[in-house]
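Colleague: I am new to this structure. Could you take me through it?
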Amino acid sequence: MNTHTTSKTPIALLGLGDMGTALARAWLAAGHPLTVWNRTPGRTRPLADEGARVAATPAEAVASATGPVVLCLLDDASVGEVLDGVDLNGKDVVNLTTNTPSQARERARWAADRGARFLDGGIMAIPPMIGRPETGGYVFYSGDRELFEDRRAVLEAPAGATFVGEEPGHAALHDVALLSAMTGMFAGITHAFALVGPEKDLDRIRFATLLADWLGAMAGAAHGMAAQLVSGDYTEGVTSNLAMMTAANDTLLATAEEQATDPRLIAPYMELMSRRVTQGHGDEGLAGTVALLGGA
């Protein structure tokens, strides 16, 4: 059992799924007095053995908190249900439940109406990364800047803490934007492995190394695109323009056909590139395609 010191900020944590449990253990390891609640009581027992206090109800957990009340629940609706009728006046609410930007903004208003300070968070980590700073996991936070600064030491105990603005929805937006980019990358990786799939003598492990190295080298293109979006000049610094890339796409699609690979994971983006060229912007880089998605 952990021995807590009175100098550490007490925390109340509601929600003990895999992520909530990882957060709980990180705070316990850092010496914070911790009160936990979970809808399924069985998940609280291991943490009780490790030094956590178990609350019978959400109201009891919140009432015990002189530090942050942290929520790590299933979804935004669960937050409203769990805290329905609970007195939040004077509390610091930190919502680490996955949500959308609009849900975060509405939840911030909801907390303010109940007399609470509010931070929304987007966790850029998986449970095994929590409490292990060497893994690079971190959490986006947005909302009450004063609350973030007041509780920074507590928030940084499980993972790095990055404040992205006082607009409450920005943490969720950053979270989803990065995850969306990751999803696109995984789509490309999937297509690449499908292409080489018919070649039974091709070393998949060596190919994976080449693939990861190439994607890492190309990731820096995000900086160039950002600069173009800020300046409004989508031809700035372009070395491979849309006209050139669109012509090369024909080879990519022809190879997919030869390898009996369905191009559905890459064809939509190629169509977007081609459309921008058709509109007379073949001298641009990829930043112009952002406008076709409504994001510029």
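Colleague: What should I know about the source first?
Modeller: This is a predicted model, in which local features need pLDDT of at least 70, side-chain atom pairs count only at pLDDT 80 or more, and totals for chains, interfaces and linings use all residues. Residues are numbered from 1 along each chain as its sequence is written, and side-chain values use heavy atoms, with hydrogens and water left out.

Colleague: How many salt bridges does the structure hold?
Modeller: The structure holds 16 salt bridges. The term denotes a side-chain nitrogen of Lys or Arg within 4 Å of a carboxyl oxygen of Asp or Glu.

Colleague: What do Asp-92 and Arg-151 tie together?
Modeller: Their side chains meet in a salt bridge at 3.0 Å, N to O. Asp-92 lies in strand S5 and Arg-151 in the loop between helix H6 (145–150) and helix H7 (152–155), so the pair ties together parts that are 59 residues apart in sequence. Helices (H or I, at least four residues) and strands (E, at least two) are DSSP runs, numbered from the N terminus.

Colleague: Is Asp-92 buried or exposed?
Modeller: Asp-92 is buried, with a relative accessible area of 6%, and Arg-151 counts as buried at 17%. Buried means under 20% relative accessible area, exposed over 50%, and partly exposed in between (1.4 Å probe, protein chains only).

Colleague: Which residues are linked with them in a network?
Modeller: The network of salt bridges links Asp-92, Arg-117, Asp-150 and Arg-151.

Colleague: Changing topic, what caps the N-terminal end of H11?
Modeller: Asn-241 does, with a side-chain oxygen 3.2 Å from the backbone nitrogen of Ala-243. After H11 comes Ala-260, whose phi is positive, near 55 degrees.

Colleague: And which residues of H11 are buried?
Modeller: Leu-242, Thr-246, Asn-249 and Ala-256 are buried in H11. Their cover includes H8, helix H12 (267–278) and helix H13 (288–292), where contact means heavy atoms within 4.5 Å.

Colleague: Last topic: which residues make the nonpolar surface patch of about 330 Å²?
Modeller: Leu-179, Met-182, Met-185 and Phe-186 make that patch. Patches are made of residues with over 30% relative accessible area and no salt bridge, joining like charges within 9 Å and nonpolar side chains (Val, Leu, Ile, Met, Phe, Trp, Tyr) within 5 Å. Accessible areas come from the Shrake-Rupley method with a 1.4 Å probe, and for residues only the protein chains shown count as cover.

Colleague: Where is Phe-186 found?
Modeller: Phe-186 is in helix H8 (residues 170–196), and at 44% relative accessibility it counts as partly exposed.

Terms used. Polar contact = N/O pair within 3.5 Å; in protein donor to acceptor, adjacent residues only side chain to side chain.
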